[in-house]
Amino acid sequence: RTFCQLRRGGVMQPVSRPRAILFDWDNTLIDSWRAIHDASNVTLEAMGHKAWTLEETKLRVRKSMREAFPELFGDRWTEACDIFYGYFRKHHLDDLEAISGIEQMLRAVGEADIYMGVVSNKDGTLLRAEVDHLGWENYFGAVVGANDAIRDKPAPDPIYLSLAPSGYSADRLTWYAGDTEMDMIFAARAGVVPVLLRAKPPAQGEFGDCPPDLIFENGQNLCAFLDATGN
């Protein structure tokens with residue numbers, strides 16, 4: 001099943017076949033929540049905070065570390081970063097798992113001659129290591145993570161940076177596919193089409209003033225939409 005919501009500011013707008021699709025990473029293309037959750041709790045406990053449940057981690061891990069950690073740990077945020085990365089670097093590749101059907105989707109989108117990139121708030125060096133570990137580097141024209149652009153997501157700078165190798169502009173011929181409200185806000189701020197890509201259907205009112213324009217519950221349905229829109 002493919003869901004489509006073609007609206008922006010209450011006005012219906014057409015969504016054309018894209019020339020570029022940019023993807024969020026965690027919980028959109030891959031499942032690495034276990035490593036993120038474990039590293040977060042090691043850090044929280046070391047800093048004297050209560051550990052989170054896995055559901056709390058999924059709800060709270062949205063911003064880049066340089067934005068989130070000063071809010072959480074105050075003046076000790078750089079110390080917390082060192083603890084988090086010390087654990088995460090040791091374990092993140094062990095727990096890395098592609099979401100079912102995603103590699104087939106990437107292959108099909110690439111064969112359709114659509115430019116692809118990754119834009120995430122995960123540290124750029126770690127993000128690219130994960131892409132390489134899965135052998136996916138050839139699918140993407142750019143892989144942009146936290147600290148790669150002047151400002152991190154949801155500021156639009158990472159989208160502009162990720163499109164640079166293609167020569168394309170950030171417009172409605174570019175999609176940004178993610179799994180959270182922040183991803184939809186990010187896409188709207190950059191002027192590209194916000195696309196929800198996840199198995200869980202949206203809850204009532206989940207996306208507030210920034211709903212997705214397109215909703216796909218899996219990569220197969222995204223490809224079916226591309227096929228239906230033709231070349």
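Two strands count as paired if DSSP finds at least two bridges between them. Helices (H or I, at least four residues) and strands (E, at least two) are DSSP runs, numbered from the N terminus. This is a predicted model, in which local features need pLDDT of at least 70, side-chain atom pairs count only at pLDDT 80 or more, and totals for chains, interfaces and linings use all residues. Residues are numbered from 1 along each chain as its sequence is written, and side-chain values use heavy atoms, leaving out hydrogens and water.

**Strand 9 and its partners**
- Strand 4 (residues 20-23) runs parallel to strand 9, and 4 bridges join them.
- In this pairing, Ala 20 stands opposite Thr 174 of strand 9.
- Strand 10 (residues 193-197) is also parallel to strand 9, joined to it by 4 bridges.
- Here Gly 178 faces Leu 196 of strand 10 as its opposite residue.
- Together, strand 9, helix 8 (residues 181-190) and strand 10 form a right-handed β-α-β unit; right-handed means that, with the strands pointing away from the viewer, the path from the first strand over the helix to the second runs clockwise.

**How covered strand 9 is**
- Buried means under 20% relative accessible area, exposed over 50%, and partly exposed in between (1.4 Å probe, protein chains only).
- In strand 9 (residues 174-178), 5 of its 5 residues are buried.
- Thr 174, Tyr 176 and Gly 178 point one way, while Trp 175 and Ala 177 point the other way.

**Cysteines**
- With a disulfide defined as a pair of cysteine sulfur atoms within 2.5 Å, the count is 0 disulfides.
- Cys 81 is buried, at 10% relative accessible area, and Cys 210 is buried too, at 18%.
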